[in-house]
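Work through these exercises with the model open beside you. Try each task before you read its solution.

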Amino acid sequence: MSDTHGRDVVGLDSRAAALAVVEAALKSRSGLEEALNRPPFNRLEPRERAHARALAMMTLRHLGEIDHALAGKLAKPPPEAVMAILRIGACQLFYMDAPDFAAVDTSVELASAYKGTRPFKGLVNAVLRGLARAGKPEQDAARLAPDWLLSRWKAAFGAEAALNIAALIAVEPSTDLTFKHPAEAPALAEGLEARPLPGGSWRTDKGGALTEWPGFDEGAWWVQDAAAAIPARLLNVQPGETAVDLCAAPGGKTLQLAAAGAETVAVDRSAPRLVRVTENLARMQLTAETHAADAALWQDARKFDAVLLDAPCSATGTFRRHPDVLWATGPTDIVKLSLSQSRLLDTASMRVKDGGRLVYCVCSLEPEEGEGQIDGFLRRHPDFRLDPIAPGEGGAPEASITANGAMRILPFHIEGGADGFFAVRFVRN
Ligand SMILES: C[S@@+](CC[C@H](N)C(=O)[O-])C[C@H]1O[C@@H](n2cnc3c(N)ncnc32)[C@H](O)[C@@H]1O
């Protein structure tokens, strides 16, 4: 297939795969990752796969705006499969710089390809032509997030902050790096086109395969969002201390603890995900003991100087890289997750030595999973006290420090954007 300029463009297969990925991503919280690991997506050639992925992610990133624009052209909602084709088509029109006719024609072809959507190809044609005529909608942050989440963020952080958070949904994130030896970063910075961030992370907008970037083969750095790199620093581990990372995979924080010289243990419930920890440790030439176990049931009597609980959470703070979480998560998920976080915190506390530190963190923007855990934990565990995080400590932005000394990073607290994160540090008396 070629475009108006006679250039070769990727074919219908990649659009069909993008369609499958978007549909799966909206069905369940694990849908996106699963769809990326099965046909039709994983059968594509690398170039088609890259296009399918970019199209699916862009559709999810702009889903709120796309649905709003489509609602204006649809008298009543069509079947989900048709809606998915319309979403992909609208994304190509507005956000992928596809020529209008190509976005419309390929969407009509997609509708024709499936029995269930074939009767709607006229509708697909008419709606997308209508959108093309109307032109790209002006960006409105209030439309980028689902209403229920935007309302929660307004209630928790105020209306202005909520809109500032939502505006970042449309922004493709840079890549942040953590260096194994921070002193080596300046020498590699030019080749990596990277600039330093407070706390020690480096940020780049370099393109191309990471595996080709300077320092990859030598294990000089790993990819880790600047906000995600702060919680492990708050444990301030010293060489020779013992540390356990109870929800470790894929291992960014385990690498930080091991690189700081701690005797590190990494635990994760998922054996396949733990393999990624092992691979990452090997690439970085770092060592840690690994265990595939439920952190709450892990049979190990040791107590540690430093305990990190990066608990499973709604991950609403990671929307810049995972826009699907915004649409696949519901209010009941947050309630369920906050209960399991409390239980995990209780068991994590049992692994802390007298005088040892416990950092609890989540990449969620929802207070029940963050601030809401503190009082209950301190009530249930009078042998612990909250150890306030100082502004700037470990790279924690001043604006992120709460009145009681926890850290609530909103995605706009770091210039250019970062994951939303919550962290709190306790010390065992
Ligand atoms: C937020 S991710 C951790 C990210 C990781 N700390 C990092 O920095 O790369 C949460 C992890 O918790 C694991 N997990 C979920 N429930 C668990 C449990 N009960 N015990 C241990 N691991 C668990 C998941 O498999 C997942 O890998």
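A residue counts as buried if 20 or more other C-beta atoms lie within 10 Å of its own, as exposed if 12 or fewer do, and as partly exposed in between. Keep in mind that this is a predicted model.

**Exercise 1. The whole chain**

Solution: 
- Step 1. Along the principal axes, the C-alpha atoms fill a box of roughly 70 × 45 × 40 Å.
- Step 2. Count the secondary structure: 17 helices and 12 strands.
- Step 3. Take the contacts between residues at least 6 apart in sequence. Of these, 68% join residues at least 24 apart.

**Exercise 2. Alanine 54**

Task: Decide whether alanine 54 is buried, exposed or partly exposed.

Solution: 
- Step 1. Locate alanine 54 in helix H3, residues 46-61.
- Step 2. Count the other C-beta atoms within 10 Å of alanine 54: there are 17.
- Step 3. Buried needs 20 or more, and exposed needs 12 or fewer. Alanine 54 has 17, so it is partly exposed.
- Step 4. Now look at isoleucine 169. It is 115 residues from alanine 54 in sequence and 15 Å away in space, C-alpha to C-alpha.

**Exercise 3. Helix H16**

Task: Check the length of helix H16, then work out how its buried residues are arranged.

Solution: 
- Step 1. H16 covers residues 331-349, which is 19 residues.
- Step 2. At 1.5 Å a residue, H16 should span 27 Å. Its end C-alpha atoms are 27 Å apart, so the length agrees.
- Step 3. List the buried residues of H16: Ile334, Leu337, Ser338, Gln341, Leu344, Leu345, Ala348 and Ser349.
- Step 4. Look down the axis of H16. The buried residues fall within an arc of 130°, so they line one face of the helix.
- Step 5. Turn to the other side of H16. Thr332, Val335, Lys336, Leu339 and Arg343 are exposed there.
- Step 6. See what covers the buried residues. The cover includes strands S8 and S9, helix H17 and strand S10.

**Exercise 4. Around the ligand**

Task: Describe the shell of residues around the ligand.

Solution: 
- Step 1. There are 19 residues around the ligand. Cys247, Ala249, Arg269, Ala295 and Asp310 come nearest.
- Step 2. Sort the shell by type: 10 nonpolar, 3 polar and 6 charged.
- Step 3. Trace the sources. Helix H13 (252-259) and strand S6 (263-268) each supply at least two residues of the shell.

How values were computed
Residues numbered from 1 in each chain as written. Predicted model: local features only at pLDDT ≥ 70, side-chain atom pairs only at ≥ 80, totals over all residues. Helix = DSSP H or I, 4+ residues; strand = E, 2+ residues; numbered from the N terminus. Expected span 1.5 Å × (residues − 1). Arc of directions from axis to C-beta. Contact = placed C-beta atoms within 7 Å. Near = placed C-beta within 6 Å. Nonpolar A, V, L, I, M, F, W, Y, C, P; charged D, E, K, R; others polar.
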